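Keep the picture handy as you read.

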Amino acid sequence: MKCDWVRQNILFYVYNELEDDARYEVEQHLARCPECATELKATRKFHTTLSQTVVAEPTPNLLAASRMRLQEALETTRQGGLWHRLILEPANWLRQIRMSPALAAVIFIVGFGGGIGATYNFLAARGGEGVVTGSLGSGNPSQPLESSAIAGIRSVTQEPGSNQVSIKYDTVLTQEAQGSLNDQRIQQLLLFAARNNYNSGVRMDSVDVLTQSPDDSRVREALMYALQNDSNPGVRLKALDGLSGFVRQDARVRDGVLRALISDTNSGVRMLALRLAEPMKTDSNVRSVLTRVSRTDQNVSIRSQARTMLAQMPEMD
């Protein structure tokens with residue numbers, strides 16, 4: 001018997017997952033192979049260490065978000081054809097599972113995800129279309145949502161010419177909340193979407209609505225977060241535009257604009273940040289950043305505009 005096969009199955013041996021005949025063969029090999037016996041000793045020591053480690057429980061919010069992302073991945077994965085599935089030999093599958101812990105883990109995860117998907121579809125079928133529609137005006141808009149119950153935001157839409165907002169969000173089912181921008185639940189969902197949603201279009205819509213209430217400190221925090229961390233340049237542009245009225249009065253906003261001017265990867269975001277910094281060009285920090293940008297920015301137009309702004313500044317004593 002080869003040492004490679006034994007070492008591949010030592011973990012199964014430690015967890016008592018081998019069949020009797022395979023277990024017997026492993027034990028016979030270990031009795032006459034010092035190297036594999038050493039490997040077994042190290043594996044058992046590692047297993048003992050793991051068993052003594054306290055396992056942290058995942059938060060409800062993480063579980064809910066992970067389940068929804070897994071469900072979306074399962075729904076969008078292209079499945080193989082019927083003939084492709086039929087030609088798979090069951091005995092070969094079992095042999096590969098026995099020899100490969102990683103493959104066994106993958107199959108377990110896929111099976112777990114399939115169970116979640118089936119449960120989700122069953123609950124959705126019982127709930128009609130899986131959409132619960134409610135008007136916050138008819139309920140209790142002052143009652144906040146549990147953030148751990150929100151798995152994701154599906155869409156954010158605002159009725160033209162009004163402050164009424166409709167938000168579809170996922171818990172176990174897709175739900176919908178409707179209310180004005182003053183409603184606490186609407187605000188909470190918008191803030192959640194701006195920071196946590198995995199759909200850039202939803203983040204864009206959420207930030208667009210939030211820019212209508214930049215005086216709220218929580219909204220301003222969310223816009224700052226989007227400006228500094230969002231991967232979509234369109235979302236960052238929206239956030240920067242929403243913060244434009246606070247560059248003079250809020251030092252944190254001004255610092256965020258200057259950071260965007262220096263380090264944002266999108267030239268459109270940097271150009272808008274440059275324009276917002278222009279009224280503050282006499283500030284020493286702004287002057288320093290403009291000097292750096294005029295020399296190092298990759299965009300010719302931004303470098304030229306920064307040099308023009310510096311030339312228009314009065315000489316400092």
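You'll find L11 in helix α1, which covers residues 3-14. Bear in mind that we're looking at a predicted model here.

Now look for H47. It sits 36 residues away from L11 along the chain, and the C-alpha atoms of L11 and H47 are separated by 9.0 Å.

Is N16 buried or exposed? With a relative accessibility of 55%, N16 counts as exposed, since the cut-off for that label is over 50%.

N16 has another thing to show you: its phi is positive, at about 60°, although N16 is not a glycine.

## The chain as a whole

Time to zoom out. The protein chain has 15 helices and four strands. It has 317 residues, and 35% of them count as buried. Its accessible surface comes to about 19200 Å², with 52% of that belonging to carbon and sulfur atoms.

## Helix α11 and its neighbours

Next up is helix α11, residues 233-242, where G234, V235, R236, A239, L240 and G242 are buried. What do these buried residues pack against? Their partners are α9 (200-210), α10 (217-229), α12 and α13 (267-277). The N-terminal end of α11 has a cap, too: N232 places a side-chain oxygen 2.8 Å from the backbone nitrogen of G234.

The axes of α11 and α13 are 9 Å apart, and the helices pack at an angle of about 10°. That's why α11 and α13 count as roughly parallel to each other: the label applies to angles under 35 degrees. On the α11 side, the residues that meet α13 are P233, R236, L237, L240 and D241, and their counterparts in α13 are G268, V269, L272, A273 and L276. Sort the residues of this contact by class and you get seven nonpolar, one polar and two charged.

## Helix α12 alongside α14

Helix α12 (residues 251-263) packs with helix α14 (residues 284-296) at an angle of about 10°, and their axes are 10 Å apart. So α12 and α14 are roughly parallel to each other as well. From α12, the contact uses R254, L258, L261 and I262, while α14 brings in N285, V286, V289, L290, R292 and V293. What classes do the residues of this contact divide into? They come out as seven nonpolar, one polar and two charged.

## R254, a buried arginine

Let's finish with R254, which is found in helix α12. Its relative accessible area is 16%, so R254 is buried; the cut-off for that is under 20%.

Who's around R254? Leaving out residues up to four places away in sequence, R254 touches V247, R248, M280, D283 and V286. One of these, M280, is 26 residues from R254 in sequence, and the two are 9.0 Å apart in space, C-alpha to C-alpha. With R248, the side chain of R254 reaches the backbone oxygen at 3.1 Å.

Key
Residues are numbered from 1 along each chain as its sequence is written. This is a predicted model: local features need pLDDT of at least 70, side-chain atom pairs count only at pLDDT 80 or more; totals for chains, interfaces and linings use all residues. Side-chain values use heavy atoms; hydrogens and water are left out. Helices (H or I, at least four residues) and strands (E, at least two) are DSSP runs, numbered from the N terminus. Buried means under 20% relative accessible area, exposed over 50%, partly exposed in between (1.4 Å probe, protein chains only). Accessible areas come from the Shrake-Rupley method with a 1.4 Å probe; for residues, only the protein chains shown count as cover. Axes are lines fitted to C-alpha atoms, for helices over the stretch in contact, and angles run from 0 to 180 degrees between N-to-C directions. Angles under 35 degrees count as roughly parallel, over 145 as roughly antiparallel, 65 to 115 as roughly perpendicular and the rest as oblique. Contact means heavy atoms within 4.5 Å. Ala, Val, Leu, Ile, Met, Phe, Trp, Tyr, Cys and Pro count as nonpolar, Asp, Glu, Lys and Arg as charged, and the others, Gly among them, as polar. A polar contact is a pair of N or O atoms within 3.5 Å; within protein, one must be able to donate a hydrogen and the other to accept it, and residues adjacent in sequence count only if both atoms are side-chain atoms.
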